[in-house]
Amino acid sequence: MKQFEYDILFFQVKKQKDYGEMRKILNERGAEGWEVITAEAGDYGFTTIVKRELAPGPKEASE
């Protein structure tokens, strides 16, 4: 069975340039295998949940 790890990122967005920083960080995370599963706008920015698949354990690799 696939297993995943999750992380929660918060981006404070006050100005248009803050979106560029948010995009940069998300692209860096994407290069590490993370995938955005949800993003929600709040009063002070965005809360984003990301996940990535964990490497299979020894038992799973042999199946």
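Three strands make up an open sheet, ordered 1-3-2, with antiparallel pairing. Strand 1 (4-12) and strand 2 (35-41) are the edge strands, and each pairs on one side only. Neighbouring strands are turned against each other by 20 degrees on average, direction ignored. Helix 1 (residues 17-31) packs on this sheet. The model is predicted.

**The sheet**

- Strand 1 and strand 3 (residues 45-53) run antiparallel and are joined by nine bridges.
- Ile 8 has Ile 49 as its bridge partner in strand 3.
- Leu 9 is partnered by Thr 48, also in strand 3.
- Strand 2 and strand 3 are antiparallel too, with six bridges between them.
- These two strands, 2 and 3, form a hairpin, and three residues lie between them.
- Glu 40 has Thr 47 of strand 3 standing opposite.
- In a regular strand, side chains alternate between the two faces of the sheet.

- Helix 1 touches strand 1, strand 2 and strand 3.
- The direction of helix 1 makes about 165 degrees with that of strand 1.
- Arg 23 sits in helix 1. Its relative accessibility is 52%, so Arg 23 counts as exposed, the cut-off being over 50%.
- Arg 23 and Trp 34 are eleven residues apart in sequence. Their C-alpha atoms are 13 Å apart in space.

**The loop between helix 1 and strand 2**

- Gly 33 belongs to this loop.
- Gly 33 is partly exposed, at 44% relative accessibility.
- Beyond its neighbours within four places in sequence, Gly 33 is in contact with Lys 51 and Arg 52.
- Val 50 is 17 residues from Gly 33 along the chain, and 9.7 Å separates their C-alpha atoms.

**Salt bridges**

- The structure has three salt bridges.
- Glu 5 pairs with Arg 52, and their closest N and O atoms are 2.7 Å apart. Glu 5 is in strand 1 and Arg 52 in strand 3, so this pair ties together parts 47 residues apart in sequence.
- Both partners are partly exposed: Glu 5 has 29% relative accessibility, and Arg 52 has 25%.
- Arg 29 and Asp 7 meet through their side chains in a salt bridge of 3.0 Å, N to O. Arg 29 lies in helix 1 and Asp 7 in strand 1, so the pair links parts that are 22 residues apart in sequence.
- Asp 7 counts as partly exposed, with 25% relative accessibility.
- Lys 24 forms a salt bridge with Glu 28, with 3.5 Å between the closest N and O atoms. Both residues lie in helix 1, four residues apart, which is about one turn of the helix.
- Lys 24 is partly exposed, with a relative accessible area of 43%. Glu 28 is partly exposed as well, at 40% relative accessibility.

**A nonpolar surface patch**

- Phe 4, Tyr 6 and Ile 37 form a nonpolar patch on the surface.
- Together they have about 290 Å² of accessible area.
- Phe 4 has its place in strand 1.
- Phe 4 is partly exposed, with a relative accessible area of 32%. A patch residue needs over 30%, so Phe 4 passes that cut-off.

Definitions and conventions. Residues numbered from 1 in each chain as written. Predicted model: local features only at pLDDT ≥ 70, side-chain atom pairs only at ≥ 80, totals over all residues. Heavy atoms only, no water. Pairing = 2+ DSSP bridges. Axes fitted to C-alpha atoms, helices over the stretch in contact; angles between N-to-C directions. Contact = heavy atoms within 4.5 Å. Patch = residues over 30% accessible without salt bridge, like charges linked within 9 Å, V, L, I, M, F, W, Y side chains within 5 Å. Areas by Shrake-Rupley, 256 points an atom, 1.4 Å probe, with all protein chains shown as cover. Salt bridge = Lys/Arg side-chain N within 4 Å of Asp/Glu carboxyl O. Buried < 20%, exposed > 50% of the residue type's maximum accessible area, 1.4 Å probe, protein only.
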